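Have the model open as you read.

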Amino acid sequence: MLYNGLKEGIYILHENPEWIAPFKEAFERAETPFEELILTKGSINLNIAPPQGVFWSRMSASSHTRNHTHSKEYARAVLSWLQTHNRRIINGLNVLEFEVSKVAQYLALNQAGFRTPKTLAVFGKEDLLSRAKELKTPFISKHNQGGKGLGVRRFDSLEDFKTYIDSEEFEEPIDGITLLQEYIVSKEFYITRAEFIDSKFHYAVKVDTSAGSFELCPADACNVNETSKIPELAGAMCDIGGAEKFSLREDINENTALIIQLENFLKAHKIEVAGVEFIEDINNEFVVYDINTNTNYNKVVESQAKMRAADKIVEFLHREFKKVKG
């Protein structure tokens, strides 16, 4: 597809059609048209301006797991083109960098005063064991460019970690950066995912982690029914279909101090649509550990909410498009 010559409108930029179905249904309910720019192929003429419109980037850090290794580079090119011509972008270039780098996330969160897990970023494989000695056991590993729980494992000893590093089970991160991280003991077996639209709180989801699953995608398309490598890890979402896994957390709302702080953080970094995950530790302290700028919504929770997040997204995009049209 040649992206030049497109008509004005609302566009979703992405690389995974399986995650678009709930939004397509929401657009149909609102009788609002939209188009998709699927970032697996295409082209742009740099000498021609893009169409007027609203462009929502849903680029995913896990694109390489779907054989779309270069999609993030295609997204950088298209977003640069749009940004140069001052088009209205939801979750632009700077947000893409948060999506594909947990290092960027943690540095920004730390600077803003949030508590995050103590983290070491290790380049390559050679220094993994020596740097792991700086952490208390148990500790966990994860991929810097994550999504889908990539590379997330718990280790109770350095011996276990060494065995893993030297084995065929070792998962090589796509960008070569492995994160070694302190293990946060949660007060109870759940994590919370707060959803934000237009940088404003929409609802919070309580995710039961007692079964030990570790993938963090709430979309129905992520239902892989996989057993966790981290039985006690309080940071998990999958076995998506079960209503017992997901529920609205109504004690977390727009007046919660953490939510107010997160709204200010998202606005400062121009992150307009995101799901932010956090744990409450045994000392009742909030620990923020992930920002999902390519957020998906669980069908069970959407049915419980006063307003579906997907419908709120469409309302937001339509409102922004009317501003563009004047």
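## Nonpolar cores

Trp56, Tyr297, Ile313 and Leu317 touch the most other members of the largest nonpolar core, which has 34 residues. Helix α9 (residues 309-325) supplies the largest share of this core, 7 residues. A second, separate core holds 21 residues, including Leu109, Leu262, Leu266 and Val276. (A nonpolar core is a set of buried Ala, Val, Leu, Ile, Met, Phe, Trp, Tyr and Cys residues joined through side-chain atoms within 4.5 Å; helices are DSSP runs of H or I, at least four residues, and strands are E runs of at least two, numbered from the N terminus.)

This is a predicted model: local features need pLDDT of at least 70 and side-chain atom pairs pLDDT 80 or more, while totals for chains, interfaces and linings use all residues. Numbering runs from 1 along each chain as its sequence is written, and side-chain values use heavy atoms, with hydrogens and water left out.

## A buried glutamate

Glu277 sits in strand β12 (residues 273-280). Glu277 is buried, with a relative accessible area of 0% (buried means under 20%, with a 1.4 Å probe and protein chains only). Its side chain makes a polar contact with the side chain of Arg193 at 2.7 Å (a pair of N or O atoms within 3.5 Å, one able to donate a hydrogen and the other to accept it; residues adjacent in sequence count only if both atoms are side-chain atoms).

Note on methods
Buried < 20%, exposed > 50% of the residue type's maximum accessible area, 1.4 Å probe, protein only.
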